[in-house]
Amino acid sequence: MRFHTRKWVKPEDLNPNHTLFGGRLLEWIDEECALYSIIQLENPKTVTKYLSEIDFKSSAKQGDIVEIGIEVVKFGNASLTLKSEVRNKMTHETIITVDKIVMVSLDEDGKAKPHGKTKIEFVKDRLYKE
């Protein structure tokens, strides 16, 4: 799994238990998956369709640095399926796992749009194609 983004847990990210609010963590995961998928599918109209069961394994507290990891599971016709793990940067302890996140490429009318992708592409490689 590649860990693309780090977040610093700040006071506004905490729940009443003074640990990282799960909703904030899911927001960060969703945003990371959206950004990754938009770049992979080359379509800014890419949205979240499905999140599977989530598994909170540990918590994070104020001042912790967390890393968001995502991995491609498969390319569909108009979708990209990912999985995610978030871990504490310093201890590498897993905080949450999400086994299946489906992102869908849309056309101008909001309908699923085939993307024609079959494998991960890196931006640096696209630059050399042109």
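The side chains of K83 and E71 form a salt bridge, at 3.8 Å from N to O (a side-chain nitrogen of Lys or Arg within 4 Å of a carboxyl oxygen of Asp or Glu). K83 lies in strand β5 and E71 in strand β4, so the pair ties together parts 12 residues apart in sequence. The model is predicted: local features need pLDDT of at least 70, side-chain atom pairs count only at pLDDT 80 or more, and totals for chains, interfaces and linings use all residues. Residues are numbered from 1 along each chain as its sequence is written, and side-chain values use heavy atoms, with hydrogens and water left out.

**Salt bridges**
- The structure holds 10 salt bridges.
- R24 pairs with D13, with the closest N and O atoms 2.8 Å apart.
- R24 sits in helix α1 and D13 in the loop between β1 (2-8) and α1, so this pair links parts 11 residues apart in sequence.
- D13 is buried at 4% relative accessible area (buried is under 20%, exposed over 50%, partly exposed in between; 1.4 Å probe, protein chains only).
- R24 is partly exposed at 23%.
- K57 bridges to D55, with the closest N and O atoms 3.0 Å apart.

**Nonpolar core**
- The largest nonpolar core has 24 residues (buried Ala, Val, Leu, Ile, Met, Phe, Trp, Tyr and Cys residues joined through side-chain atoms within 4.5 Å).
- L25, I29, L82 and V86 touch the most other members.
- α1 (22-41), β4 (65-75), β5 (79-88) and β6 (94-105) each supply at least two residues of this core (helices, H or I, of at least four residues and strands, E, of at least two are DSSP runs, numbered from the N terminus).
- α1 gives the most, with seven residues.
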